[in-house]
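This report examines a protein chain through its domains, its disulfides and the surroundings of selected residues. Please view the sequence and the structure together while reading.

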Amino acid sequence: FTCDDGCTGKAKWVELPSGRGACSAACGGGTQTRTFQCLGYYDPGCGGTPTQCAQPVTCYDFQCSGPYPGGPSTLYECNTQPCTSYTWSVTAWGQQACNTEPCVETQLHLSAVQAVQMVSAGGALNLTWSGGLQYGRVSASLQLVAVGVAGQLLANSTWQDAGLGLPVDVENTLSSRWAVPASLASGQYLLKLTSSATPANQDVLATPLVVQGTVGYELTLLPVGLGAGLGTAASLQLVVYGTHGQTAAINLSLGAAWSVGGGARSLALQGLDVGLVQRLGITLPASASLNAAAAVLHSLGRTYEVRPAYLP
């Protein structure tokens with residue numbers, strides 16, 4: 001007699017009904033994973049045929065011939081039916097008459113940009129308006145009327161649009177986003193919108209738009225006495241505070257300073273336009289000294305003198 005364990009010589013890899021993964025395509029052929037189990041059978045004797053009496057048996061994987069046919073790296077085809085295709089069909093022209101009425105043009109009106117109306121150079125601004133020619137085109141332009149955010153008025157200037165990233169000859173969609181160039185000079189600008197169809201149809205923003213950018217500064221350190229030295233500091237860190245914010249900390253090397261007579265020395269630097277300068281923050285390296293009676297800052301034609309009380 002031979003003991004029938006249901007697996008020896010009978011075990012086979014059988015796909016599990018619930019072991020199919022999602023198909024990668026709904027039609028046209030995709031792939032999916034499938035799960036299998038090593039199964040066998042034995043006949044306990046039930047009075048019927050072997051097929052009728054067979055009972056399933058879970059076997060060890062090594063009892064099935066061949067490698068495991070499933071797993072994430074083995075993919076099977078699925079949804080191989082062709083996909084439905086669509087084509088355009090041309091029908092007869094309808095009976096509705098075309099609109100032959102001329103497009104209406106109304107007076108352009110620029111909306112207020114924002115409450116403060118100040119934007120950083122390198123930032124962005126949403127422009128909105130009403131009016132103009134229906135389905136027409138519009139152009140925006142700028143006129144610099146004052147230098148710096150604090151505003152030093154210019155005697156005369158012209159309207160410009162080239163190289164400023166402004167919406168020029170664009171569709172009249174009643175709105176546009178302006179990417180302000182990082183290189184745009186700090187100052188106060190008038191913003192004008194003009195209808196391309198009727199140049200006389202234009203509107204200028206009621207109040208100037210303030211662009212806050214980078215400006216040049218010149219720092220002059222005055223010694224305590226005429227011809228005296230400025231101390232042991234070889235470098236310093238400067239922050240400029242003003243009516244429109246403060247600069248980032250600026251590291252300066254006193255070795256790059258030039259003499260302006262009497263022991264005073266000057267340095268050129270670039271920083272954010274902070275408007276009217278209110279005070280300076282000067283930080284020195286550890287154990288360094290700065291023997292300055294005053295610090296004088298020049299920017300955009302203005303001169304600011306800061307007394308020693310403001311120095312560390």
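How do the residues of the lining of the largest cavity divide into nonpolar, polar and charged?

## Model and domains

The structure is a predicted model. The domain assignment divides the protein chain into domain 1 (12–78), domain 2 (106–212) and domain 3 (214–306). Between the centres of domain 1 and domain 3, taken over C-alpha atoms, the separation is 82 Å.

## The cavity

With a threshold of 30 Å³ or more, the count comes to 1 cavity. The volume of the largest cavity is about 70 Å³. Rolling a probe the size of a water molecule over the atoms shows where empty space is left.

The lining of the largest cavity consists of Val-147, Gly-148, Ala-150, Gly-151, Tyr-217, Asp-273, Gly-275, Val-277, Ser-299, Leu-300, Arg-302 and Tyr-304. To answer the opening question, these residues divide into 6 nonpolar, 4 polar and 2 charged. Because domain 2 (106–212) and domain 3 (214–306) both give residues to this lining, the largest cavity lies between them.

## Disulfides

A disulfide is a covalent bond between the sulfur atoms of two cysteines.

The disulfide between Cys-23 and Cys-78 has an S to S distance of 2.0 Å. The link of Cys-23 and Cys-78 is right-handed, with 90° about the S-S bond. Cys-23 lies in the loop between β1 (12–20) and β2 (30–32), and Cys-78 lies in strand β5 (residues 76–78), so the pair ties together parts that are 55 residues apart in sequence. Cys-23 counts as partly exposed because its relative accessibility is 25%, whereas Cys-78 counts as buried at 8%.

Cys-27 is joined to Cys-83 by a disulfide with an S to S distance of 1.9 Å. With 105° about the S-S bond, the link of Cys-27 and Cys-83 is right-handed. Cys-27 is placed in the loop between β1 and β2, while Cys-83 is placed in the loop between β5 and β6 (105–110), so this pair ties together parts that are 56 residues apart in sequence. Cys-27 has 26% relative accessibility and counts as partly exposed; Cys-83, at 41% relative accessibility, also counts as partly exposed.

The sulfur atoms of Cys-38 and Cys-64 are 2.1 Å apart and form a disulfide. The torsion about the S-S bond of Cys-38 and Cys-64 is about 105°, so this disulfide is right-handed. Cys-38 belongs to strand β3 (residues 34–42) and Cys-64 lies in the loop between β4 (55–58) and β5, so the pair ties together parts that are 26 residues apart in sequence.

Are Cys-38 and Cys-64 buried or exposed? Cys-38 counts as buried because its relative accessibility is 0%. Cys-64 is buried as well, with a relative accessible area of 6%.

Where is Leu-219 placed? Leu-219 is found in strand β16 (residues 214–223). With a relative accessible area of 0%, Leu-219 is buried.

Leaving aside neighbours within four places in sequence, Leu-219 has contacts that include Leu-238, Leu-252, Leu-267, Leu-269, Leu-280, Leu-297, Ala-295 and Val-296. Arg-265 and Ser-266 are also among the residues in contact with Leu-219. Arg-34, by contrast, is 185 residues from Leu-219 along the chain, and the C-alpha atoms of these two residues are separated by 75 Å.

## Residues with positive phi

Asn-79 has phi near 45°, a positive value in a residue other than glycine. The loop between β5 and β6 contains Asn-79. At 31% relative accessibility, Asn-79 counts as partly exposed.

Which value does phi take at Tyr-135? Although Tyr-135 is not a glycine, its phi is positive, at about 65°. Tyr-135 lies in the loop between β8 (124–133) and β9 (137–147). Because the cut-off for exposed is over 50% relative accessible area, Tyr-135 counts as exposed at 72% relative accessibility.

Key: Residues are numbered from 1 along each chain as its sequence is written. This is a predicted model: local features need pLDDT of at least 70, side-chain atom pairs count only at pLDDT 80 or more; totals for chains, interfaces and linings use all residues. Side-chain values use heavy atoms; hydrogens and water are left out. A disulfide is a pair of cysteine sulfur atoms within 2.5 Å. Helices (H or I, at least four residues) and strands (E, at least two) are DSSP runs, numbered from the N terminus. Buried means under 20% relative accessible area, exposed over 50%, partly exposed in between (1.4 Å probe, protein chains only). Domain bounds come from an automatic or database domain assignment. On a 1 Å grid over the protein atoms alone, a cavity is a set of points where a 1.4 Å probe fits but cannot get out, and a pocket is an open set with protein on both sides within 12 Å along at least five of seven lines; lining residues have an atom within 4 Å of a point. Grid points are joined across faces, edges and corners, and a volume is the space filled by probe spheres set on the points. Ala, Val, Leu, Ile, Met, Phe, Trp, Tyr, Cys and Pro count as nonpolar, Asp, Glu, Lys and Arg as charged, and the others, Gly among them, as polar. Contact means heavy atoms within 4.5 Å.
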